[in-house]
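Please keep the sequence and the coordinates open while reading.

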Amino acid sequence: MMTVRRAASLPGSGWASTPQLALASHHVAEGLRRQGRFDESLPVYRDAIERQRSLGDRRSVALELHNLAHAARQMGDSATAADRFRESLSLAVEVKHERLV
């Protein structure tokens, strides 16, 4: 996560609100989750969601909420997982995200 934030803060980088930085956050979160580092992946997923929302990328937000739900489930937090799955599904229906509906 620190690497993604550091890239965003580089003077003149112009990366703070770019799709590339949102995608970088996604990949870091996915890598952490796949390594079983669920607690570390959650804030990175939240960062990716925040960046995607700021870009108006509702389709990616739906996918990221889905991924966040999986991480919460894998940590044993079924209430948060259920909430994020519902939120993801609702948004996925709105944006017609074929993979999530």
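Where is V101 found? V101 belongs to the segment after α5, the helix of residues 78-95. The model is a predicted one. V101 has a relative accessible area of 62% and is therefore exposed, the cut-off being over 50%. Together with L89 and V93, V101 makes up a nonpolar surface patch with about 280 Å² of accessible area. K96 is found in the segment after α5 as well. Its relative accessibility of 61% makes K96 exposed too, and K96 has a positive phi of about 55° although it is not a glycine.

The overall picture comes next. The protein chain contains 5 helices and 0 strands, so that its elements read α-α-α-α-α from the N terminus on. Of its 101 residues, 36% count as buried. The accessible surface of the chain is about 5,900 Å², and carbon and sulfur atoms account for 53% of that. Among contacts between residues at least 6 apart in sequence, 48% join residues at least 24 apart.

Helix α3 covers residues 38-55, 18 residues in total. From first C-alpha to last, α3 reaches 26 Å, close to the 26 Å expected at 1.5 Å a residue. The buried residues of α3 include F38, L42, V44 and I49, and also D47, R51 and Q52. Just after α3, G56 takes a positive phi of about 75°.

Helix α4 spans residues 58-74 and contains N67. N67 has a relative accessibility of 7%, which is under the 20% limit, and therefore counts as buried. Leaving aside residues up to four places away in sequence, N67 touches H26, E30, R33 and Y45. Y45 is itself one of the buried residues of α3. S60 is also in α4, but is partly exposed at a relative accessible area of 23%. The side chain of S60 makes a polar contact of 2.7 Å with that of D57.

The charged pairs remain. Side chains of opposite charge can pair when their charged atoms come close. A search of the whole structure finds 9 salt bridges. One of them joins the side chains of E30 and R34, at 3.1 Å from N to O. Both residues lie in helix α2 (residues 19-34), 4 residues apart, about one turn of the helix. E30 is buried, at a relative accessible area of 9%, whereas R34 is exposed at 67%.

A salt bridge of 3.1 Å, N to O, also connects the side chains of R53 and E87. This pair links distant parts of the chain, with R53 in helix α3 and E87 in helix α5, 34 residues apart. R53 is partly exposed at 47% relative accessibility, and E87 is partly exposed at 30%.

E98 and R59 form a further salt bridge, their closest N and O atoms being 3.2 Å apart. Because E98 lies in the segment after α5 and R59 in helix α4, the pair ties together parts that are 39 residues apart in sequence. E98 counts as exposed at 59% relative accessibility, while R59 counts as partly exposed at 36%.

Definitions and conventions: Residues are numbered from 1 along each chain as its sequence is written. This is a predicted model: local features need pLDDT of at least 70, side-chain atom pairs count only at pLDDT 80 or more; totals for chains, interfaces and linings use all residues. Side-chain values use heavy atoms; hydrogens and water are left out. Helices (H or I, at least four residues) and strands (E, at least two) are DSSP runs, numbered from the N terminus. Buried means under 20% relative accessible area, exposed over 50%, partly exposed in between (1.4 Å probe, protein chains only). Contact means heavy atoms within 4.5 Å. Patches are made of residues with over 30% relative accessible area and no salt bridge: like charges are joined within 9 Å, nonpolar side chains (Val, Leu, Ile, Met, Phe, Trp, Tyr) within 5 Å. Accessible areas come from the Shrake-Rupley method with a 1.4 Å probe; for residues, only the protein chains shown count as cover. A salt bridge is a side-chain nitrogen of Lys or Arg within 4 Å of a carboxyl oxygen of Asp or Glu. The expected span of a helix is 1.5 Å times one less than its number of residues. A polar contact is a pair of N or O atoms within 3.5 Å; within protein, one must be able to donate a hydrogen and the other to accept it, and residues adjacent in sequence count only if both atoms are side-chain atoms.
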